[in-house]
Amino acid sequence: MERVRDLASRKAAVIFTKSSCCMCHSIKALFYELGASPAIHELDKEAGGRDMEIALQRLGCNPTVPAVFVGGKFVGTARDVISLHIDGDLKQMLIEARAIWF
């Protein structure tokens with residue numbers, strides 16, 4: 001759990017993913033389109049990835065990926081991020097966390 005929190009707080013935007021996950025790809029593309037450069041942690045390629053996945057489950061991530069953190073705070077999974085984007089709140093959240101400058 002500590003490793004996930006540590007990694008999530010190192011950069012303004014952090015996404016935990018798996019390389020084979022299509023929704024992870026979509027969320028990463030959305031962040032890039034908005035001008036953010038999130039830290040990406042692919043759980044299926046990182047040492048300790050399985051432990052991080054278990055920690056994400058304990059935080060309430062279901063499914064565990066993509067798990068998105070902005071400003072060190074857990075935002076949610078793909079459904080939550082897409083809802084925030086549609087409502088217009090995601091961009092403001094990224095600006096406030098200084099993940100983008102607009």
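Met23, Ile82 and Ile86 come together as a nonpolar patch on the surface, with about 270 Å² of accessible area between them. A patch here takes residues with over 30% relative accessible area and no salt bridge, nonpolar side chains (Val, Leu, Ile, Met, Phe, Trp, Tyr) being joined within 5 Å and like charges within 9 Å. A salt bridge would be a side-chain nitrogen of Lys or Arg within 4 Å of a carboxyl oxygen of Asp or Glu, and the areas are Shrake-Rupley values with a 1.4 Å probe, only the protein chains shown counting as cover for residues.

This is a predicted model: local features need pLDDT of at least 70, side-chain atom pairs count only at pLDDT 80 or more, and totals for chains, interfaces and linings use all residues. Numbering runs from 1 along each chain as its sequence is written, and side-chain values use heavy atoms, leaving out hydrogens and water.

Now the aromatics. Rings of Phe, Tyr and Trp (its six-membered ring) pair if their centres lie within 6.5 Å, with planes under 30 degrees apart called stacked, over 60 edge-to-face and the rest tilted. That gives two aromatic pairs. Phe16 and Phe69 are edge-to-face, since their ring centres are 5.7 Å apart and the planes stand at 80°. Phe69 and Phe74 are tilted, with centres 5.3 Å apart and planes at 55°. Phe16, Phe69 and Phe74 make one aromatic cluster.

How exposed are these residues? Buried means under 20% relative accessible area, exposed over 50%, partly exposed in between (1.4 Å probe, protein chains only).

| Residue | Relative accessibility |
|---|---|
| Phe16 | 0%, buried |
| Phe69 | 4%, buried |
| Phe74 | 32%, partly exposed |
| Ile86 | 66%, exposed |
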